[in-house]
Amino acid sequence: MYRIPLSLLALAGMLTVTSCSTESDSSSATNTVTTPTNGPADGTAEHSGGHTYACPMHPEVTSTKEREKCPKCGMALEHNDQVASNGKSYEMKFVPTPLELTAGQPSILAFTPRETGNESAPVPLALVHEKKIHLIIVSKDLGQFYHEHPEYTADGDYKVKYTFPKGGEYVLFQDYTPTGSSHQLGRQPITVKGPAYTPVKFKNDDMQWEKDGYQATLSFDKDLKVGQLLGMKINITQGGRPVTDLDNYLGALGHVVVISEDTENYLHVHPNDQADKGPAIGFNTNFEKPGLYRVFLQFNHGGQIHTGDFTINVKA
């Protein structure tokens, strides 16, 4: 999992919006999200006393054993000196061009990671799953999902060209990891002008997905309840036949993003190690809060990236 395990990260993010014009809609604003970085400081008792290992995405998950996996996202734990030990917090500055985003019109989305309190200092980013920033764009109703990768520019920011298909409310998430620190998550709600999408109201569990001749089934090894480690499996078929030759996408057999109905909780789940190439992809995750969640799967087959979606309800 990226940071993104189903254990919905309750990111203690502080959202600051600075208007760039007299208009009040967030599409014409510079948005900044600050996510605190927590970890043992050098020289403290917690830091001494033997080697410890922590998840790059969930620094609260630690172990004294090597080669352990994070139960939230499945990522390998790393030596604690390399994870969340710098005591810094970061924010993501977001500036769209044009400032007023409009459906059907090309735009450039620019993101600049900054160290809180030292905004002029450069913040180099680590490669995580082959990219430095994973940009997730979802409509506020969670009926639409897009995964983009802004690229570093000579201006010192990360940019991506994007055209919103419809107007309405959207939420942008940025998955990124400053070098030498822990995983961070930026979040900005925005408004896109133009003919709006028709919101979808999700309610019941939907563990089946089908599109373009592919089918996927989502399942868990236990009841969907908070506070327990869950084994999650997604089985993929094409035309009713098992898909046994999945290709890697961004270094893994599949990626799963889970977002709560209110878009406040977000997780990026990565698959467990496995020798085969399908049809089943296994994940580990857990939930910290009850409620309705949308689950988005991306997998690579036949040279194309496919995106499936599911709906689940997690009980207290």
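The model is a predicted one. Four strands form an open sheet, in the order S19-S18-S21-S22. The largest nonpolar core holds 27 residues. The salt bridges come to 9.

**The sheet**

- In general, strands of a sheet pair through backbone hydrogen bonds, either parallel or antiparallel.
- The edges belong to strand S19 (266-269) and strand S22 (304-314). Each has a single partner strand, so one side of each is left without a neighbour in the sheet.
- On average, neighbouring strands are turned by 15 degrees against each other, direction ignored.

**Strand S18 and its partners**

- Strand S18 spans residues 254-260 and strand S21 residues 291-301. The two pair in the antiparallel sense over 7 bridges.
- Two positions show how S18 and S21 line up. Gly254 has Phe299 as its bridge partner in S21, and His255 stands opposite Gln298.
- S18 also pairs with S19, again in the antiparallel sense, over 4 bridges. Here Val257 stands opposite His268 in S19.
- The hairpin of S18 and S19 has 5 residues between the strands. Thr263 in this hairpin takes a positive phi near 65 degrees.
- S18 is largely enclosed by the rest of the structure, because 7 of its 7 residues are buried.
- Gly254, Val256, Val258 and Ser260 point one way from S18. His255, Val257 and Ile259 point the other way. Residues on both sides are buried.

**The nonpolar cores**

- Nonpolar side chains tend to be buried together in soluble globular proteins.
- Within the largest core, the residues with the most contacts are Ile234, Ile236, Val256 and Ile312.
- Another core, of 22 residues, lies apart from the largest one. Its members include Ala103, Ile137, Tyr158 and Tyr170.
- Ile312 touches residues including Asp205, Met207, Leu218, Phe220 and Leu224, not counting those up to four places away in sequence. Phe287, Gly291, Leu292, Tyr293 and Val295 are also among the residues it touches.

- Side chains of opposite charge can pair when their charged atoms come close.
- Glu91 and Arg114 meet in a salt bridge through their side chains, at 2.7 Å from N to O. Glu91 lies in strand S6 (residues 90-97) and Arg114 in strand S7 (residues 107-115), so the pair ties together parts that are 23 residues apart in sequence.
- Glu91 is buried, with a relative accessible area of 7%.
- Glu261 and Lys201 form a salt bridge at 2.9 Å, N to O. Glu261 sits in the loop between S18 and S19. Lys201 sits in the loop between strand S13 (184-192) and strand S14 (208-211), so this pair ties together parts that are 60 residues apart in sequence.
- Glu261 is partly exposed at 36% relative accessible area, whereas Lys201 counts as exposed at 67%.
- Asp155 forms a salt bridge with Lys159, with the closest N and O atoms 3.1 Å apart. Asp155 is exposed at 64% relative accessibility, and Lys159 is partly exposed at 25%.
- Asp155 and Lys159 also belong to a network of salt bridges that links them with Asp157.

Technical notes: Residues are numbered from 1 along each chain as its sequence is written. This is a predicted model: local features need pLDDT of at least 70, side-chain atom pairs count only at pLDDT 80 or more; totals for chains, interfaces and linings use all residues. Side-chain values use heavy atoms; hydrogens and water are left out. Two strands pair if DSSP finds at least two bridges between them. Axes are lines fitted to C-alpha atoms, for helices over the stretch in contact, and angles run from 0 to 180 degrees between N-to-C directions. Buried means under 20% relative accessible area, exposed over 50%, partly exposed in between (1.4 Å probe, protein chains only). A nonpolar core is a set of buried Ala, Val, Leu, Ile, Met, Phe, Trp, Tyr and Cys residues joined through side-chain atoms within 4.5 Å. Contact means heavy atoms within 4.5 Å. A salt bridge is a side-chain nitrogen of Lys or Arg within 4 Å of a carboxyl oxygen of Asp or Glu.
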